[in-house]
Amino acid sequence: MLNEIEVDVAVIGGGPAGLAAAISAKENGAEKVLLIERGSRLGGILNQCIHDGFGLVLFNKSLTGPEYAEIFIEKLLKLKIDYMLNSMVLELTPSKKLYVANRNGYHLVKAKAVVLAMGCRERTRGAIKIAGSRPSGVYTAGLAQNFINLQNLMIGRTAVILGSGDVGLIMARRLTLEGVKIQAVVEIMPFPYGLRRNVVQCLEDYNIPLHLSHTVTEILGRSRVEAVKIAKVDENLKPIPGTEKIIQCDTVLLSVGLIPENELSRQAGVEIDPKTQGPVVNSMLQTSIKGIFACGNVLHVNDLVDYVTVEAQKAGMWAAKYALNELPEPDRKEIEITLGENVRTVVPQKIVPGLDTSLFFRVYKPGKNKTLNIIVDGKNIIQKKCPSITPSEMLKADLKGEYTLNAEKIHVEVCE
Amino acid sequence: MTELFNIAVIGAGVVGCAIARELSRYNLKTVVLEKGSDVCSGASKANSGVVHAGFNNAVGSLKAKFCVQGNEIFEHLCSELGVPYKRTGKLVIAQSEGDVKELENLFEAGLKNGVKGLSIVDRKTVKMMEPGVEGVAALYSPNSAITSPYLLTIAYAENAAMNGVKFKFNSEVTGIERKKSYFKIYHDGDYTQAELVVNAAGCYADKIASMIGYTEYKIYPCRGEYVLVDKRWSHLITRMIYHVPPKDKSVLGVHITPTVEGPILLGPTADFIEDRDDTSTTMPGINQIIEEARKILPSLPSHDSITAFSGIRAKNKSKEEGGLGDYIIENRRDSYFINLIGIESPGLTASTPLAKHVVEMISELIKLNLKEDFNPIRPAPIRLAELSHEQRAELIKKEPLYGEIVCRCEHVSKKEVLDAYNNILGVKTLSGLKYRARVMMGRCQGGFCTAKIISILQNDLKTPYNGILLKNPGSYLFTGKVREEDEKDVK
Ligand SMILES: Cc1cc2nc3c(=O)[nH]c(=O)nc-3n(C[C@H](O)[C@H](O)[C@H](O)COP(=O)(O)OP(=O)(O)OC[C@H]3O[C@@H](n4cnc5c(N)ncnc54)[C@H](O)[C@@H]3O)c2cc1C
Ligand SMILES: Cc1cc2nc3c(=O)[nH]c(=O)nc-3n(C[C@H](O)[C@H](O)[C@H](O)COP(=O)(O)OP(=O)(O)OC[C@H]3O[C@@H](n4cnc5c(N)ncnc54)[C@H](O)[C@@H]3O)c2cc1C
């Protein structure tokens, strides 16, 4: 027999997004809020991020991941919000039924509204097709971080890191501090992918070589990794024959990108944006299925947790309103945003006319002294100077509802 | 006095394990010696998993005979052994009028080999059967099927072990001495004694044979690389899709195969190589596979692969000779030493008929008595992911560990991991858990569950960090602790 539970708002995922959404749903009037987390504690990926740099925007303090999470966990407890740990949502239906497994049984949660906050997963060796043998010693960076920071296990002695995103950079420093020799960080793009502050603090301060426009083409070693082959790449990111070099190492760390974890969303029939790989949402962070909302890394991969929190607070609020039948029915169709020069993604993808909306963008190419333009019905209503842009940093702009009330078209671009 | 076995099988691939299982029907003391840390360390884990029908093999060959026999019994075999099996059928696609002639040749060979149900279908029928596939005609084989090659090998071995066969892993045979009435087989500083030896060492069968003087055999390793595509695309095909075999005919060429677990398998390539252990993948190989697969199924994405791997064919004919030989199964010079040489495709399909053939050879030498309590059934392990909601609820109520999910991609529970760990063969590696319980095999390739499994190994199963191996000795995961435990306790 399935154990049936009825709730107003069910939140899937107990990371910073899920925590903030659950708290906000409760504060906005939803009575029965249930947060479901498959891990053994709340906090999500923050639990293994023991470096600082969290909370700079919201709290004006540089906290560690667990410290940041703690603020919200305490609030959740104070508000007496129900949560389940070690509980995995295995299925989500379009009618907002959740099937959840844990040691106490198999549960059917019937929710009036659902907030998706499942976070993301790491891209793997298979996904980027690195040739070679298949020895032990190849780890994704997040997995390595879990072993080192949560399980007290050392993963190797000499390492090559593929990918210079923030996760890769932070792991380069972390491993160096633990006595691992980082032979190189290898980046396929002609520019470092992570935040400038992380390039300086994690590589330059420790003299770790960064090979731009390079990639790992082969892994060598029968039992354990013995070396990697790296090569220079051309403009199409294809390895250039004859430029191969062999670097000895016993460990390869892959930090080659995060992918929003939308298996459940897809199963429920939620429309997915092929570029962000997260749901298509509107200004209320509502997905293509009414009553299902999304926030955090499951929606789009964020670089700052503070933005995740703010976004999740909104998702939680709108979910509560939906559950209470208070969601305003806009009298006009949503306005789709079209992407112009050097804009790769935008979230939300659709604007509810008249609603204040925070927009997040990512660009294709880095650049200096650019301007972000938001053009509504041919009128350039927001011009935001961007002294420095890179694909790894999200751009943010607030679009006031008054501009979209009667608008037909919204276009964004990043230009000279 | 060291134990004397009646029979020692060298090599725990699908062939060695099938032989072991057939032998376990009789009152015999049988041992299997395997150099890897688990069964299925060679070709048997890295192949297409196809239960062939038998139209690709030369008329009158052993390959054809055992393949057709194998195909006939496969469904029953899988039901006895609790192994997934799916009769999907297969289309060999002609992409030009010139190819159509080839289809007719295959059709003729199939008829002569006794393959049932073959037909040649036109472009319209191809489109109807497989809307995504481009072709002018096809040979349709309804009896072609798919299985899981590693689960079958594991199941053969487990069933053999249930019935008394002993398995010795990490035991690379390095020398064999002929004594008066038995063989002394050396491996890793130890030895095993047996009256009769079956050489099922796959790519190394020639080396093993030469240890007692059969120097005429030579194996020519030929590597086949594969790419596995995310199961999100499994709707693109419902049957196996093959090109007509390439001109040299020593291999079947790159094909597109549904797998019993969901993902689509692309491959294999064919490269004669020097080093018979070199299962590396290569960039040209991976690119070739994707390109050739997309010729026939243009809607296949090129970016959504989850892993790549390769397997090595144990060919007994060189590239120069065309690479196409028949199975050699013989004991000419020393009747108590049976050699299986060149057991390449369709070795998986043919494994049980091959094994029965070997047992027949043995019965002419050693009196075989059927065991009364032989049990052919090896129950399929429970898989939470395959159950209905009601069944899951009931199962978790009975055994709460089924409610603790370890693998997020394939929905594998902790109980399933523990069951895999407690396998009768005693295999305790990560790769052993992976092949048995399907953890670390989904689209995140262990990015999530590896951490959980390591914690289960350490905390529940008390495995020290330096005892955690991916597969063979030397494939360690951890080099030490980050901090000494007692330091951690300082307040
Ligand atoms: C190495 C690293 C360094 C970082 N450094 C910084 C930094 O310095 N400053 C900063 O501001 N940000 C940093 N970030 C980014 C920040 O941590 C993330 O943006 C934020 O944690 C995302 O929150 P989330 O809740 O969306 O996802 P997560 O934290 O991943 O939480 C998702 C949760 O959902 C659970 N879940 C998923 N599916 C299910 C299911 N089916 N059933 C039940 N539960 C489920 C997961 O177990 C997980 O706990 C860093 C991130 C990483 C990885
Ligand atoms: C690319 C490819 C695709 C294929 N596709 C199919 C298919 O779709 N359908 C089909 O029916 N067949 C297929 N085959 C064929 C099939 O996989 C093989 O015929 C079969 O796996 C051979 O099994 P085996 O037990 O003889 O060899 P293996 O599985 O290679 O086993 C030999 C074992 O011997 C061990 N060994 C070697 N030397 C020693 C030693 N000195 N001491 C101890 N142990 C030793 C090895 O470690 C290994 O485990 C394919 C093969 C390949 C390579």
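UniProt positions are given here in the numbering used for this structure, feature names are shortened, and annotations may be inferred rather than shown by experiment.

**Ground rules.** I am working on a predicted model, where local features need pLDDT of at least 70, side-chain atom pairs count only at pLDDT 80 or more, and totals for chains, interfaces and linings use all residues. Residues are numbered from 1 along each chain as its sequence is written, chains are lettered from A and ligands numbered from 1 in the order in which they are written, and side-chain values use heavy atoms, with hydrogens and water left out.

Entry: I looked up the record first. UniProt, in an unreviewed entry, places "domain: FAD dependent oxidoreductase" at residues 7-361 of chain B. I find that span to be 28% helix and 27% strand. Helices (H or I, at least four residues) and strands (E, at least two) are DSSP runs, numbered from the N terminus. The end C-alpha atoms of the span lie 13 Å apart. The unreviewed entry also places "domain: BFD-like [2Fe-2S]-binding" at residues 405-458 of chain B. There I note 48% helix and 9% strand, with end C-alpha atoms 17 Å apart.

**Entry: where B meets A.** I counted contacts (heavy atoms within 4.5 Å). On chain B, 58 residues touch 45 residues of chain A. The buried area is about 4,500 Å², and carbon and sulfur atoms give 53% of it. Buried area is the accessible area (1.4 Å probe) that two parts lose on being put together, summed over both. His389(B), Arg408(B) and Val482(B) supply 14% of the area that chain B buries against chain A, more than any other three residues.

Next I checked salt bridges (a side-chain nitrogen of Lys or Arg within 4 Å of a carboxyl oxygen of Asp or Glu). The rule finds six across this interface. I noted one between the side chains of Arg222(A) and Asp275(B), at 2.8 Å, N to O.

Which helix of chain B gives the most to the side that touches chain A? I find helix 12 of chain B, with six residues.

**Entry: a sheet in chain A.** Strands pair if DSSP finds at least two bridges between them. In chain A, three strands form an open antiparallel sheet in the order 23-25-28. Strand 23 (345-347) and strand 28 (395-399) of chain A stand at the edges, each with a single partner strand, so one side of each has no neighbour in the sheet. I then followed strand 25 (residues 357-362) of chain A, which pairs with strand 28 of chain A over five bridges. Phe361(A) has Leu395(A), in strand 28 of chain A, as its bridge partner.
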